[in-house]
Amino acid sequence: MRSDRRSLLAAGFLLSVLPIGRASGQTLPPVAPDELPPGLPQPTETIDLWPDGAPGLPDSPPVERTVERSKDRLVTDRAVLGITTPRMVVFRPARPNGAAVLLTPGGGYMHVVVDKEGYEMGRWLAARGVTAFVLFYRLPGDGWKAGPDVALSDAQRAMRLIRHRARDYAIEPERVAAMGFSAGGHLCADLATRFALKTYTPVDAADALSAKPFCAAPIYPVISMTPGVAHAGSRDLLIGADAGAALEEAHSPDRNVPADAPPFFLLHAEDDDAVPVENSVLLRDALKAQGISVETHLFEHGGHGFGLRKAIGKPVEAWPDLWLAWARTRSFL
């Protein structure tokens, strides 16, 4: 089993030359067919979140672009900036088990890291029968009128769209979970604590559905906006370097846990030098105070941003299977 799992993980790091298909004919994010070796296929299905375009477009809209950060031609690590068309790409399993996960990759609210914390996890989930939706969310520093709530608007809309189209993907509308990493972990926790907040004007029938995840898994998440605990870069881009106490509180999920929050799975490495482990500890304490079920795993070593690829060979390598076992106890799988 261990060698098979490592083979699957290693295979997941190779990317194919196939582009992402969209109704508009665009290929986002782009790949370089002449530079990348063939590997596992890219997703070929994209769902735009907003039928008439994302609301609150800035006067000077950002320009979407993709930056390749990897120096290894066998391993792609793309970051997408300036997202103006928020969307989901879909990883369909060969045999759907009725469960789905909305994945929110990290990137410090500066960009969205789609390979390491999106596509690789999407493949891992789909191989286990779970339909995965990787979210390309708008970034708060780009001037959208929703300000600090702009990414939450996209996450809420995504959850509702998944449920609205559940029949198309052979999933049960209730069994839609959320999982996010780093700043995407903040978005995951924000969605799971402020799912009922009205952040946009409804646009169609999907918006009558709940945005509450069945369960939530923020992985090495940014949580607190309090200076000294917060990840400084995420805080500055989300609420501004000079934000006051009210904004800090409004955008710290540990300070907004409702009595009906879903169950949580928390994971962090204590040697994380980017996002202090106190972020997960604060959220755990807040969930416990509200009587919300929470499972917490703290690893001595692992650092930050390990995802799947950087966890291999370390005790933290076990984290996906820990989540899987926990999800079964919650009747998610």
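## The main sheet

Strands β4 (residues 87–91) and β7 (residues 131–136) run antiparallel and are joined by five bridges; strands here are DSSP E runs of at least two residues, helices are H or I runs of at least four, and both are numbered from the N terminus. Arginine 87 has phenylalanine 136 of β7 as its bridge partner. This is a predicted model, in which local features need pLDDT of at least 70 and side-chain atom pairs count only at pLDDT 80 or more, while totals for chains, interfaces and linings use all residues. Residues are numbered from 1 along each chain as its sequence is written, and side-chain values use heavy atoms, with hydrogens and water left out.

Zooming out, β4 and β7 belong to an open sheet of eight strands, ordered β1-β4-β7-β5-β8-β9-β10-β11, with mixed pairing. Two strands count as paired if DSSP finds at least two bridges between them. At the edges sit β1 (46–48) and β11 (294–299), each pairing on one side only. From one strand to the next, the twist averages 20°; axes are lines fitted to C-alpha atoms, for helices over the stretch in contact, and angles run from 0 to 180 degrees between N-to-C directions.

## Helices on the sheet

Helix α3 packs on this sheet and touches β1, β4, β5 (100–104), β7 and β8 (176–181), where contact means heavy atoms within 4.5 Å. The direction of α3 makes about 160° with that of β5. Helix α4 (residues 183–193) packs on the sheet too, touching β5, β7, β8, β9 (216–219) and β10 (264–269), and its direction makes about 145° with that of β8.

## β8, covered on both faces

Six of the six residues of β8 are buried, so the strand is largely enclosed by the rest of the structure. (Buried means under 20% relative accessible area, exposed over 50%, and partly exposed in between, with a 1.4 Å probe and protein chains only.) In a regular strand, side chains alternate between the two faces of the sheet. Here Val176, Ala178 and Gly180 lie on one side and Ala177, Met179 and Phe181 on the other, all of them buried.

As for partners, β8 runs parallel to β5, with five bridges joining the two; valine 101 stands opposite alanine 177 there. β8 is also parallel to β9, this time through four bridges, and methionine 179 stands opposite alanine 217 of β9.

## The nonpolar core

Met179 turns up again in the largest nonpolar core, which has 93 residues; along with Met88, Phe133, Phe264, Trp319 and Trp323, it touches the most other members. Helix α3 (residues 150–164) gives this core its largest share, eight residues. A core in this sense is a set of buried Ala, Val, Leu, Ile, Met, Phe, Trp, Tyr and Cys residues joined through side-chain atoms within 4.5 Å.

Who does phenylalanine 264 touch? Leaving aside neighbours within four places in sequence, its contacts include Ala189, Ala192, Pro218, Leu283, Leu287, Val294 and Trp326.

## Aromatic pairs

There are 10 aromatic pairs in the structure. Rings of Phe, Tyr and Trp (its six-membered ring) pair if their centres lie within 6.5 Å; planes under 30 degrees apart count as stacked, over 60 as edge-to-face and the rest as tilted. Tryptophan 50 and tyrosine 200 make an edge-to-face pair, at 4.8 Å centre to centre and 90° between the planes. Tryptophan 50 is in the loop between β1 and β2 (65–68) and tyrosine 200 in the loop between α4 and β9, so the pair ties together parts 150 residues apart in sequence. Both of these residues are buried.

Phenylalanine 91 and tyrosine 119 are edge-to-face as well, with 5.5 Å between centres and 65° between planes. This pair links strand β4 to helix α2 (residues 115–126), across 28 residues, and both partners are buried. Elsewhere, ring pairs link Phe181, Tyr220, Phe306 and Trp319 into a cluster.

## The three-stranded sheet

Another open sheet has three strands in the order β2-β3-β6, with antiparallel pairing. Its edge strands are β2 and β6 (112–113), each pairing on one side only. Four bridges pair β2 with β3 (residues 78–81) in the antiparallel sense, and glutamate 68 stands opposite arginine 78 of β3.

## No disulfides

With a disulfide taken as a pair of cysteine sulfur atoms within 2.5 Å, the count is zero.
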